[in-house]
4 protein chains.
Amino acid sequence: MSEERHILHMASGRLEALGDGIFAVAMTFLVIELASPVVTGKEGWSDFIHAMHESWRGFLCYMISFVVLGIMWFGHRMMFEYIGRTNRYFIFLGVLFYMVVCLVPFSTKFLAHNTLKWYAIMVYGINLSLCNLSLYAQWIYGIHRTNLLHKDLPDEVKREAKILFLLSPVVYGIAIGISFFAPWISVSIYIITPILYLIPNKIDKYLP
Amino acid sequence: MSEERHILHMASGRLEALGDGIFAVAMTFLVIELASPVVTGKEGWSDFIHAMHESWRGFLCYMISFVVLGIMWFGHRMMFEYIGRTNRYFIFLGVLFYMVVCLVPFSTKFLAHNTLKWYAIMVYGINLSLCNLSLYAQWIYGIHRTNLLHKDLPDEVKREAKILFLLSPVVYGIAIGISFFAPWISVSIYIITPILYLIPNKIDKYLP
Amino acid sequence: MSEERHILHMASGRLEALGDGIFAVAMTFLVIELASPVVTGKEGWSDFIHAMHESWRGFLCYMISFVVLGIMWFGHRMMFEYIGRTNRYFIFLGVLFYMVVCLVPFSTKFLAHNTLKWYAIMVYGINLSLCNLSLYAQWIYGIHRTNLLHKDLPDEVKREAKILFLLSPVVYGIAIGISFFAPWISVSIYIITPILYLIPNKIDKYLP
Amino acid sequence: MSEERHILHMASGRLEALGDGIFAVAMTFLVIELASPVVTGKEGWSDFIHAMHESWRGFLCYMISFVVLGIMWFGHRMMFEYIGRTNRYFIFLGVLFYMVVCLVPFSTKFLAHNTLKWYAIMVYGINLSLCNLSLYAQWIYGIHRTNLLHKDLPDEVKREAKILFLLSPVVYGIAIGISFFAPWISVSIYIITPILYLIPNKIDKYLP
């Protein structure tokens with residue numbers, strides 16, 4: 001009883017703040033690797049196009065990773081609509097998730113330098129998959145500890161969340177497999193996947 | 001009815017926190033590109049002035065971009081005085097806005113290295129215009145979904161906001177056009193534009 | 001009496017926000033030093049493994065430091081479950097703590113470049129120990145000023161916290177001592193120590 | 001009347017969050033410039049001391065700037081104990097303050113590379129003075145607009161704050177003047193000044 005009186009509240013706000021900070025820095029870090037294009041020759045329109053052309057891989061990878069991190073941030077944010085308290089293991093799983101999120105600028109740079117190489121496609125795909133899987137692990141841990149939840153979790157949301165969490169690891173796995181034969185298809189898959197998350201889904205009706 | 005009970009609140013606080021983090025990092029990143037001046041010769045006053053003179057382009061671009069990002073942050077901050085909840089599409093538009101904001105240190109560096117070149121003026125102007133336009137898109141989406149608003153939006157604010165959002169893309173468009181003939185006028189326009197946002201406007205009377 | 005009316009509340013929220021920001025940046029900075037692996041030769045599986053092999057030290061140090069910072073963040077976060085207000089000296093001790101936390105990316109890089117060298121092991125161990133000791137100093141100062149506390153602190157938590165705060169400086173001290181004879185044991189200790197903090201402890205029962 | 005109903009609250013929380021983020025990034029950025037020491041020769045104790053000796057200027061400047069930014073953060077934090085709302089001009093002054101705060105890593109690096117040179121001492125001193133003066137300008141603006149205040153401001157705090165804000169510009173001005181004759185005295189002043197802010201002052205009695 002005396003102990004119960006001392007139970008800490010451990011609101012999730014601080015973990016969310018750490019996460020928001022990490023996402024903000026990781027997203028801004030993506031761009032730090034973009035080399036400043038050098039326009040040479042007579043510095044006419046075609047020279048400019050040529051210089052930008054040199055940089056297009058970096059820009060493309062920047063945009064993909066930024067939108068992917070945005071979607072992950074959204075998933076991470078949604079999680080805390082249901083989970084309002086934390087404990088040591090939940091926070092530990094959160095740290096693991098943030099650890100792989102912080103690697104995204106690294107694997108983005110690796111992909112930008114080796115766009116159509118199987119190994120860069122693999123590293124990038126594994127990195128993004130680990131992000132989703134570690135976030136899913138945190139989610140599963142959280143929703144099975146009723147004292148961490150602060151809102152009823154409808155079964156429909158549970159099912160849909162599972163699909164959304166596991167969709168991209170599956171798709172990225174396929175992209176990695178294809179990369180040995182047709183790497184440009186793999187890169188196209190990386191471009192298209194974020195768009196899949198824009199399609200209306202069953203969770204939408206719970207949103208304002 | 002059962003569904004209504006489960007509607008998530010989706011307060012905008014988390015998106016604001018992500019945005020504040022991204023602005024803070026982007027604003028601090030601006031300065032990371034500033035090269036440390038190297039004072040040579042007898043290291044007298046004139047050698048110091050000479051060394052600083054080498055860096056003035058970087059400083060000028062730093063200051064312009066910092067103030068411009070400050071003004072954009074203000075617009076972004078104002079938006080959330082009226083909009084208090086979010087949904088998936090609103091957040092997606094927010095991610096797009098943050099994506100172009102994070103590119104500002106990149107285009108600032110490009111402008112600092114090529115101050116009077118038409119292509120640097122164009123890249124910089126397009127970047128800043130995209131920031132304003134994507135923020136405007138988010139604003140328009142937000143104010144037309146009454147369940148995202150948490151405060152009445154007077155028509156006057158709506159009209160004035162439209163002017164403030166669309167003022168700089170127009171001015172930057174003009175600067176880009178002029179850059180082919182008189183690039184120093186374009187740069188002057190970039191310097192002057194932020195000052196336009198300091199002039200008292202109709203929204204002021206709604207502020208404390 | 002008139003003075004009492006003016007006593008500031010000085011809620012700890014702002015200091016927590018600064019700390020969350022510093023941890024977020026320091027954790028993301030860790031990865032910025034990771035060099036992009038360069039795959040050479042025929043770019044086959046073995047060339048990829050070889051390139052990754054070159055980077056393993058960086059990855060290992062990244063992962064250790066990330067988890068260690070995660071654990072420190074947890075300790076820092078726990079502190080504010082009991083301490084809800086701040087004063088000038090408490091904040092000053094906080095700044096000292098953040099100062100050594102911000103050095104972790106530096107000493108991680110130093111260790112990654114000199115993995116089995118006694119001096120790198122020493123610098124890294126001292127850095128992490130200083131983090132723990134400065135956080136402990138802040139904790140001790142805070143819990144002895146009753147007007148900073150906003151929750152009763154059970155004696156059991158006090159004792160356990162002391163053990164948890166002082167465990168790693170002792171272990172790191174041993175690792176530094178061993179480094180002169182068997183540096184790979186020291187590095188193993190750095191790998192294992194974070195795991196010790198995952199073992200269930202007496203504070204767990206106060207968590208949700 | 002209809003307008004009064006629409007007056008925005010403009011709580012200062014967002015500006016504080018931006019500021020906390022900027023301080024967190026600027027403080028962590030300080031360390032990014034510290035070069036990893038290279039230990040050569042037989043890698044014995046004396047070689048290590050020699051390598052660290054090469055880096056001591058960087059470390060010293062890092063520590064001074066970190067503590068100075070900590071003190072400024074404290075001043076910035078105190079300000080918002082009294083000021084609870086913002087308007088456009090107050091935020092603009094805040095952006096100016098953040099602009100010079102973000103330059104501190106730059107001038108710290110400049111000082112670390114040119115420790116005893118008058119020009120580095122001058123740039124560093126001017127940068128820190130501009131931080132204090134712009135924060136003071138924001139404070140003065142804020143306390144003279146009663147609708148921004150959310151707490152009575154005792155005259156004693158007002159007087160003491162003025163001294164604390166203007167103390168370092170004066171001291172730094174003296175340091176700059178001395179730098180032409182005895183630069184090591186100037187650097188000593190930079191080391192000692194932060195300690196002055198640790199001396200008990202009249203504001204302490206309003207703190208918990």
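Predicted model: local features only at pLDDT ≥ 70, side-chain atom pairs only at ≥ 80, totals over all residues.
Within α8(A), the buried residues are A:Ser186, A:Val187, A:Tyr190, A:Thr193 and A:Pro194. An α-helix has 3.6 residues a turn, so residues three or four places apart point the same way. The cover over the buried residues of α8(A) includes α3 (45–82), α6 (118–143) and α7 (155–178) of chain A.

The largest nonpolar core holds 272 residues, and the members that touch the most others are A:Val101, B:Val101, C:Val101 and D:Val101. If neighbours within four places in sequence are left aside, B:Val101 is in contact with B:Ile22, B:Phe23, B:Ala26, B:Met72 and B:Cys131.

The relation between chains comes next. Chain C is superposed on chain A by a rotation of 90 degrees with 0.0 Å of shift along the axis, at an RMSD of 0.0 Å; the two copies are thus related as by a four-fold rotation axis. The copies use different surfaces, since 9% of the contact residues of chain C recur in chain A.

Where these two chains meet, 33 residues of chain C are in contact with 32 residues of chain A. On the side of chain C that touches chain A, the elements giving two or more residues are α2 (13–32) and α3 (45–82) of chain C, and the largest share, 11 residues, comes from α2(C). By class, that side of chain C has 21 nonpolar, 4 polar and 8 charged residues.

Definitions and conventions. Residues numbered from 1 in each chain as written. Chains lettered and ligands numbered in written order. Least-squares fit on C-alpha atoms with pLDDT ≥ 70 in both. Contact = placed C-beta atoms within 7 Å. Buried ≥ 20, exposed ≤ 12 C-beta atoms within 10 Å, placed from the backbone. Helix = DSSP H or I, 4+ residues; strand = E, 2+ residues; numbered from the N terminus. Core = buried A, V, L, I, M, F, W, Y, C linked by C-beta atoms within 7 Å. Nonpolar A, V, L, I, M, F, W, Y, C, P; charged D, E, K, R; others polar.
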